[in-house]
Amino acid sequence: MKLTLGPTARISLGLLSLAVTLLLALDLLLGVFPDPARQAAQARRQFAENIAIQVASLLMHDERERISQILPELLRRDPALQSIGVRTADSRLLVATPQHELLWVQGDAQETGRSRFAVSIGSASRGEDAHWGQVEVAFTPLDKGLFAFFTPAIKLILLFSLAGSVIYYFYLRRTLIHLDPSAAVPERVQMAFDAMSEAVVVLDAKQRIVMANSSFEKLLPDDTTLVTGRCLESFPWLRMGLEHIDAIPPWEDCFRSKTRSETAIFEATDGDGKVHRLVVNASPVLDAKNAVRGCMVSFNDVTELDEANRQLVALMADLSESKEQLEVQNRELYRLANVDPMTGARNRRSFFPEFERLFAEARERDLPLAFIMADIDKFKSVNDNYGHAIGDKVIQKFASILLASARDTDIVCRYGGEEFCVALPGADAEQAWQVAERIRERVKAEVGSSLPLDPQPVITSSFGVASIISGAESAEQLADFADQALYHSKHNGRNRCTTYTVGMAQDKKG
Ligand SMILES: Nc1nc2c(ncn2[C@@H]2O[C@H](COP(=O)(O)OP(=O)(O)OP(=O)(O)O)[C@@H](O)[C@H]2O)c(=O)[nH]1
């Protein structure tokens, strides 16, 4: 389990370490706290000097015997004393407690001034300054163990630290509520903030987070606990995402421009390696003087929406493709149902309903309507002479001339075999005859010469023309009148156009 400290505990520790550092620095510079080791060493030196004064006095009265008695007595009384010796200037040990020679030598140089003291004594007979010898006093070494470390000063500092940290902590807990935005924000506001599905953070003027909602924290990897006080760029997932966009981060843009930033979209990978697509917006928080006091940044995770959109677009593309295919199939079906496959002209089944509609409309609105019946002359002999394949080519060429000669409103139909008809709405008998005549000429000029034959035959055609003003009562009768006119063309030598006149029916019967 990872131990994490809250902001209050962190600030307490920071203040405490600052106070302890100040105390230690003060002690180092001014020696505020007494050093017990130094004090003990001074007391020992004083004690050694007192012994030396007494020894010098006794020596002056030549009471060496008395010195030999006093020294063990001193050792017995003070357990800190190890040994005492009186040494002449020529290094001869005059008087000493047992084992002094050995103990004195054992003390190394570092012990001088701490547990080993040599006090020089003079000779009265040779003047005060003359060096007679020295009194050597050996004490037990001063404590250097762990407990020596815990001097009263250290103990004081430790106590101060412990009590200080507790006091700081509780004090800061009460006072930081005014500084810690997360604590200062009323619970209801934070709840409303957390209820937002968008991840939202509020930055201060130094672009540090002062507030973040739970949706933002959900975007963070699990181990990120402390959000407030950090810059957005300090989150690795966000920083990596920012590297892939050309523009400056939206919140920086917002601080610079003092207006709502341009929307930025970037991808960020979370702690589980999942890539999120984020739409980022930033809006400035301005004060009364229009200065930017902070910025509100929202992160809208559109990963799932994007995926759904992508699927929808793919689906739409599929649908539109299917629709196009359907339209092609419909067109093909219509063509198969209504158009003669060999010539491209309308078939009779689809032609007549439309021709009847045109006839009814012309009658109702008193509009011109003409009808041409066309037939290739002596077509049977074409088949007989050149075969059915050539016969088919002749029919196709004939139909193509009819279709090319018709207006958009005209309807060309293969009436049957090599016989065709054309409905011409808006055309009177004369105009229709002109059309038929032009077709007739083209047929004569072009059909035979288009065939792969040598020599090329001359193919002609005959036409019968009838107009609605001829008195036809129905579309069928109009077609019949044109057929009668066609009969006349055939009967009168073919390769000609004839307009229907009353009485032609008699001629046809006759
Ligand atoms: N090659 C071919 N021949 C066809 C087709 N449909 C009908 N025919 C033939 O066209 C011929 C029509 O001849 P007819 O109606 O007797 O008249 P015609 O020979 O054109 O003589 P006239 O109309 O009197 O000038 C018949 O021999 C049919 O077999 C077709 O699609 N292809």
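User: Which protein atom lies 2.9 Å from an oxygen atom of the ligand, taking Lys490 as the residue to look at?

Analyst: Quick note before we dig in: this is a predicted model, where local features need pLDDT of at least 70 and side-chain atom pairs count only at pLDDT 80 or more, while totals for chains, interfaces and linings use all residues. Residues are numbered from 1 along each chain as its sequence is written, and side-chain values use heavy atoms, with hydrogens and water left out. What sits 2.9 Å from the ligand oxygen is a polar side-chain atom of Lys490.

User: How much of the ligand does the protein bury?

Analyst: Taken alone, the ligand exposes 660 Å². Areas like this come from the Shrake-Rupley method with a 1.4 Å probe; for residues, only the protein chains shown count as cover. Of that ligand area, the protein buries 65%.

User: Which element gives the most to the shell around the ligand?

Analyst: The elements giving two or more residues are strand E10 (369–376), helix H14 (379–386) and helix H15 (388–405). Helices (H or I, at least four residues) and strands (E, at least two) are DSSP runs, numbered from the N terminus. With four residues, the top contributor is H15.

User: How many residues of that shell are charged?

Analyst: In total, 16 residues surround the ligand, the closest being Lys378, Phe379, Lys380, Asn383 and Asp392; a residue is near if one of its heavy atoms lies within 4 Å. Ala, Val, Leu, Ile, Met, Phe, Trp, Tyr, Cys and Pro count as nonpolar, Asp, Glu, Lys and Arg as charged, and the others, Gly among them, as polar. The shell has three nonpolar residues and four polar ones, and the charged ones number nine.

User: Is the pair of Phe481 and Tyr500 stacked or edge-to-face?

Analyst: Rings of Phe, Tyr and Trp (its six-membered ring) pair if their centres lie within 6.5 Å; planes under 30 degrees apart count as stacked, over 60 as edge-to-face and the rest as tilted. Phe117 and Phe139 have centres 5.7 Å apart and planes at 85°, so they are edge-to-face. Phe481 and Tyr500 have centres 4.1 Å apart and planes at 5°, so this pair is stacked.

User: Which residue has its charged end over the ring of Tyr415?

Analyst: Tyr415 belongs to a cluster linked by ring pairs, together with Phe351, Phe352, Phe355 and Phe371. A charge sits over a ring if NZ of Lys or CZ of Arg is within 6 Å of the ring centre and within 35 degrees of the ring normal. At 4.0 Å from the centre of the Tyr415 ring, the residue is Arg348.

User: Which residues does the cis peptide bond join?

Analyst: Look in the loop between helix H16 (429–446) and strand E13 (461–467), where Pro455 lies. Omega is about 0° there, and the bond joins Asp454 and Pro455.

Terms used: A polar contact is a pair of N or O atoms within 3.5 Å; within protein, one must be able to donate a hydrogen and the other to accept it, and residues adjacent in sequence count only if both atoms are side-chain atoms.
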